[in-house]
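Here are my notes on the model you sent. Please read them with the structure open.

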Amino acid sequence: MLSKFIQEQRKKHDMTQQYLASELGMSRPTYIQIERGDRELTVSEAKKLAAIFDMPLPNFLAGENIEPKVMIAKGKTIRQQTKGQIRI
């Protein structure tokens with residue numbers, strides 16, 4: 001459920017409901033309706049939240065949290081995401 005995912009991300013990023021409401025240009029009670037699942041997100045609101053939580057929109061909409069995995073190989077740090085690798 002996307003509403004629960006949004007609430008989890010807000011808490012994970014240590015953000016208040018008031019902060020996210022102001023970033024989305026709405027009142028706190030309206031934002032609370034989103035977290036409860038009583039109100040759907042608009043496309044622009046979903047894009048803003050995905051950007052605030054620093055995740056791609058498709059992953060946000062799917063409720064998928066991408067956590068990079070860090071491995072050490074031959075003295076180099078390799079960060080691996082669920083879909084691909086980033087070598088540094």
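**Notes on helix packing and salt bridges**

1. This is a predicted model. Start with helix 1 (residues 2–12): its buried residues pack against helix 2 (17–24), helix 3 (28–36), helix 4 (43–52) and helix 5 (57–62).

2. Which residues of helix 1 are buried? They are S3, F5, I6, Q9 and R10. Viewed down the axis of helix 1, these buried residues fall within an arc of 160 degrees, so they line one face of the helix. The general rule is that an α-helix has 3.6 residues a turn, so residues three or four places apart point the same way.

3. After helix 1 comes D14. The phi of D14 is positive, near 55 degrees.

4. Helix 2 and helix 3 have axes 9 Å apart and pack at an angle of about 100 degrees. The two helices are therefore roughly perpendicular. Helix 2 brings Q17, Q18, L20, A21 and L24 to the contact; helix 3 brings R28, Y31, I32 and E35. By type, the contact residues are 5 nonpolar, 2 polar and 2 charged.

5. Side chains of opposite charge can pair when their charged atoms come close. The model has 2 salt bridges. One joins R10 and E35, with the closest N and O atoms 2.4 Å apart. This pair links distant parts of the chain: R10 lies in helix 1 and E35 in helix 3, 25 residues apart. R10 and E35 are both buried.

6. R39 forms a salt bridge with E45, where the closest N and O atoms are 3.0 Å apart. Buried or exposed? E45 is buried, at 9% relative accessible area. R39 is partly exposed, at 25%.

Methods
Residues numbered from 1 in each chain as written. Predicted model: local features only at pLDDT ≥ 70, side-chain atom pairs only at ≥ 80, totals over all residues. Heavy atoms only, no water. Buried < 20%, exposed > 50% of the residue type's maximum accessible area, 1.4 Å probe, protein only. Helix = DSSP H or I, 4+ residues; strand = E, 2+ residues; numbered from the N terminus. Arc of directions from axis to C-beta. Contact = heavy atoms within 4.5 Å. Axes fitted to C-alpha atoms, helices over the stretch in contact; angles between N-to-C directions. Parallel < 35°, antiparallel > 145°, perpendicular 65-115°, else oblique. Nonpolar A, V, L, I, M, F, W, Y, C, P; charged D, E, K, R; others polar. Salt bridge = Lys/Arg side-chain N within 4 Å of Asp/Glu carboxyl O.
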